[in-house]
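Colleague: I am new to this structure and would like to go through it with you slowly. Please set each value beside the rule that it has to meet.

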Amino acid sequence: MINYYVEKEYESLSKRTAQLLIDEINKKPAGLFCFAGGDTPVKTLELLAAAEQAGKVDLSQASFIQLDEWVNIDPNNHGSCRNYLQRTLFDSIRTSEENIHFFNPNSIDLAEECWLANAFIEKKGGLSLALLGIGVNGHLGFNEPGTPFDVNTHVVTLSESTKKVGEKYFEKTSFFERGITLGLAQILAAEMLIVIASGSTKTNAVQTVLKGSPREDCPASGMWLREESTLIIDRSLAETL
Ligand code: F6R
């Protein structure tokens with residue numbers, strides 16, 4: 001089942017999503033949380049940080065794992081997923097470095113990077129909550145269309161769509177051919193899965209999800225493999241469906 005919400009606008013989508021995060025983290029303060037980068041979760045993560053500063057949620061015991069990263073990127077690059085999470089959330093909250101697992105996208109042994117992420121998740125007993133955006137092509141994290149639903153962390157050859165759309169994150173022209181990402185198996189096994197989407201570029205992807213069954217050509221439709229998932233979109237997107 002998918003709990004499906006259409007919010008009036010991006011602001012209220014972010015408010016609802018942030019409240020779901022706060023409630024869940026308050027229930028599981030020592031859980032493992034995974035938040036996507038990208039434009040869609042920005043406001044949600046800012047609201048989460050503000051809630052922490054206001055004492056409405058305690059993030060000091062929580063652990064976090066990065067969802068995905070561009071392979072070979074400098075972590076200080078404004079477009080890196082790590083830099084994004086740092087700016088949007090981690091720099092404003094009380095957490096310690098040992099509670100956060102980041103990828104090293106410059107490792108000479110990316111298989112080891114996958115192994116380390118898998119081991120971190122396993123040690124923590126799985127993800128408590130994953131908050132994801134949807135790619136224009138239906139991807140989740142960097143799990144591109146065609147990715148089997150049962151894979152763990154892996155290195156990906158990025159699709160043309162992901163590379164093209166990804167240009168929006170960079171201040172200078174950047175070319176990344178590969179990504180590293182938590183796998184659909186780990187994402188779909190999260191105790192709580194929230195997917196958010198806003199704006200008309202996501203029409204096809206969300207339409208495919210709403211067809212009601214999991215299909216490998218649209219990783220986001222893997223939500224149907226779960227007993228329960230949450231999909232929150234805004235009206236500007238809903239009107240295009
Ligand atoms: C980013 C990520 C991607 C994005 C997706 C939507 O870490 O994992 O899957 O969530 O491409 O991106 P936005 O929100 O920028 O439309």
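Colleague: Which residues line the largest cavity?

Modeller: The lining of the largest cavity is made by F33, C34, F35, F64, I65, Q66, L85, F90, I100 and F102. Before we go on, this is a predicted model, in which local features need pLDDT of at least 70 and side-chain atom pairs count only at pLDDT 80 or more, while totals for chains, interfaces and linings use all residues. Residues are numbered from 1 along each chain as its sequence is written, and side-chain values use heavy atoms, with hydrogens and water left out.

Colleague: What makes this space a cavity?

Modeller: On a 1 Å grid over the protein atoms alone, a cavity is a set of points where a 1.4 Å probe fits but cannot get out, and a lining residue has an atom within 4 Å of a point. The structure holds one cavity of 30 Å³ or more, and the volume of the largest is about 40 Å³, where grid points are joined across faces, edges and corners and the volume is the space filled by probe spheres set on the points.

Colleague: Which strand gives the most to that lining?

Modeller: Strand β2 does, with three residues, and both β2 and β3 (63-65) supply at least two each; strands here are DSSP runs of E with at least two residues, helices are runs of H or I with at least four, and both are numbered from the N terminus.

Colleague: Which residues of α2 are called buried, and why are they said to be on the same side?

Modeller: In α2 the buried residues are T44, L45, L48, A49, A51 and E52, where buried means under 20% relative accessible area, exposed means over 50% and partly exposed lies in between, with a 1.4 Å probe and protein chains only. They are on the same side of α2 because they cover an arc of only 160° around the axis, taken from the directions from the helix axis to the C-beta atoms. These buried residues pack against α1, β2 (32-35), α3 (81-88), β6 (129-133) and β9 (192-197), contact being heavy atoms within 4.5 Å.

Colleague: Why is the pair of K27 and E24 called a salt bridge?

Modeller: A salt bridge needs a side-chain nitrogen of Lys or Arg within 4 Å of a carboxyl oxygen of Asp or Glu, and the side chains of K27 and E24 meet at 3.4 Å, N to O, so the pair qualifies. Both lie in helix α1 (residues 10-27), three residues apart, about one turn of the helix. K27 is exposed, at 63% relative accessible area, whereas E24 is buried, at 14%.

Colleague: Which parts of the chain does the pair of K163 and E177 link?

Modeller: The side chains of K163 and E177 meet in a salt bridge at 2.7 Å, N to O. This pair links distant parts of the chain, with K163 in helix α5 (residues 160-166) and E177 in the loop between α5 and β8 (178-181), 14 residues apart. E177 is partly exposed, with a relative accessible area of 46%.

Colleague: How many salt bridges does the rule give?

Modeller: The count comes to nine.

Note on methods. 1 Å grid on protein atoms, 1.4 Å probe; cavity = no way out; pocket = protein on both sides within 12 Å on 5 of 7 lines; lining within 4 Å.
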